[in-house]
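Morning, everyone. I have one structure to walk through today. Please have a look at it first.

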Amino acid sequence: MDTIIRNARVRGQDGPVDIAISKDRIEAVQPKIAGKGGQEIDAGGSLVLPGLFNLHLHSDKSLLGEVMRPNVSGTLPEAIEITNEFKRNYDPKEVAERTMRVLEAGVKNGTTFFRLFSDVGTIGGLRAARGLLLAREKFSAYCDIQVVAFPQEGIVRDPGAAELLDEAMKEGCDIVGGLPWYEYTDADAREHIDICFGIAKRYDKDIHMLVDDTDDANSRSLEYLALKTMRENFQGRVAASHCGAMAGYNDVYAAKIVDMVGTAGITISCNAHINLVCSARLDREPRRRGIARVKELLARGVNVVTSQDDVNDPYYPFGKPDPLECVSMIAHVAQLTLPHELEQAMNMVTENAAKAARVDDYGIAAGKRADLVVVGAPSVHEAIRLQPLRRHVFKRGREVARSVVSQELMRN
Ligand SMILES: [Zn+2]
């Protein structure tokens with residue numbers, strides 16, 4: 001045994017357990033493991049989770065807040081406009097360096113799997129994608145990375161984007177992105193979705209689109225995406241981020257769409273941070289939250305994940321990035337406060353995300369991949385409440401990050 005993590009709390013187990021790791025796999029999980037590991041770690045009764053996921057991060061734009069003017073209106077269109085000024089001159093190496101700064105912060109917070117979105121379109125060409133592919137290669141010892149080819153300026157309204165998306169897949173991107181609601185008309189949005197499916201089928205890749213990220217309750221691209229997913233037999237291979245229009249649907253239409261999404265096996269990714277900041281800017285009061293109908297989706301059995309979309313960029317000026325902060329945020333926004341709801345919220349950065357990314361050797365059990373996080377709090381509830389520094393992070397059996405915490409009250 002290369003490593004033994006002692007005195008760990010694991011979800012679904014009553015008492016504390018030891019976790020033995022050999023090479024890149026978990027060898028055993030049981031109350032007391034005899035013998036000695038090459039490395040011995042005392043979890044001290046802390047919760048140990050399998051590696052955390054961030055399935056939606058625009059790392060090509062991350063940290064641009066350091067060099068760009070602020071977003072005065074706070075809206076998405078202004079964020080897009082500000083970023084475009086900079087994007088024309090992207091240098092893949094510079095994009096990779098910013099990406100790796102954010103990846104490093106994420107890994108220290110226990111993230112062992114990232115899905116990175118790279119803008120692909122006629123403004124920046126393939127420069128962002130090449131930057132993220134470079135970061136994927138350079139950072140592969142610390143985490144798994146998928147790169148999404150994402151048409152940030154649309155496809156139909158950005159002639160040339162479809163060819164660039166195809167080229168990005170050829171150069172090694174893992175996932176076909178999409179932004180159908182951003183097209184000028186519903187017909188164009190449907191064509192956009194059709195083009196994305198064409199590319200995904202050509203390269204046999206999964207799809208992750210940003211869908212109906214608008215306060216317009218009449219935005220209809222989730223409906224067509226669900227239909228198309230069923231017709232193309234892509235169940236389990238499509239994720240839709242944001243879907244904030246759902247917040248404004250009438251309840252009858254919402255029930256239809258939630259059911260279609262369930263039947264289509266689409267994963268819904270919430271990005272509560274950014275939508276709380278960017279959505280409903282034109283609302284007076286009461287102000288919508290711009291978040292998909294999480295509780296209704298969960299009740300229908302839809303796979304819901306939550307992720308950190310932006311880190312200090314024109315869209316969103318904050319972001320640590322930390323999956324536990326995402327869990328806390330979605331628990332607030334979707335009002336997930338009961339014990340079983342906290343478990344559901346935690347699933348959104350663990351097993352639901354693993355399912356969306358089709359990672360099948362995930363979890364804490366013998367034979368599973370040794371991606372582990374010693375959280376630094378004893379339970380899911382306390383982990384969400386306190387979001388403590390992660391004590392140890394393991395990727396494929398190797399410790400890739402640790403935090404040493406010392407905090408005390410100076411008594412008189
Ligand atoms: Zn996004």
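This is a predicted model: local features need pLDDT of at least 70, side-chain atom pairs count only at pLDDT 80 or more; totals for chains, interfaces and linings use all residues.

Start with the contact between α6 and α7. From α6, the residues involved are L222, E223, A226, L227, T229 and M230. From α7, they meet Y253, K256, I257, M260, V261, T263 and A264.

Now the geometry. Helix α6 covers residues 221-231, and helix α7 covers residues 251-264. Their axes come within 9 Å and cross at roughly 30 degrees. Angles under 35 degrees count as roughly parallel, so α6 and α7 are roughly parallel to each other. The crossing of the two is left-handed.

Next, helix α4, residues 161-170. Which residues of α4 are buried? They are A161, L164, L165, D166, A168 and M169. Those buried residues pack against β8 (144-150), β9 (175-178) and α5 (186-203). Just after α4 comes G172, with a positive phi of about 125 degrees.

Last, the metal. What coordinates the zinc ion? H56 and H58, each through NE2, and D309 through OD. The distances are 2.0 to 2.3 Å. In sequence, the donor spacing reads H-x1-H-x250-D. H58 and D309 link distant parts of the chain, 251 residues apart. H58 sits in the loop between β6 (52-57) and α1 (76-87). D309 is in the loop between β13 (304-306) and α10 (323-333).

Technical notes
Residues are numbered from 1 along each chain as its sequence is written. Side-chain values use heavy atoms; hydrogens and water are left out. Donors are N, O and S atoms within 2.8 Å of the metal (3.2 Å for Na, K and Ca); water is not among the atoms, so sites may look incomplete. Helices (H or I, at least four residues) and strands (E, at least two) are DSSP runs, numbered from the N terminus. Buried means under 20% relative accessible area, exposed over 50%, partly exposed in between (1.4 Å probe, protein chains only). Contact means heavy atoms within 4.5 Å. Axes are lines fitted to C-alpha atoms, for helices over the stretch in contact, and angles run from 0 to 180 degrees between N-to-C directions. Angles under 35 degrees count as roughly parallel, over 145 as roughly antiparallel, 65 to 115 as roughly perpendicular and the rest as oblique. A crossing is left-handed if the near helix is turned anticlockwise from the far one by less than a right angle, and right-handed if clockwise.
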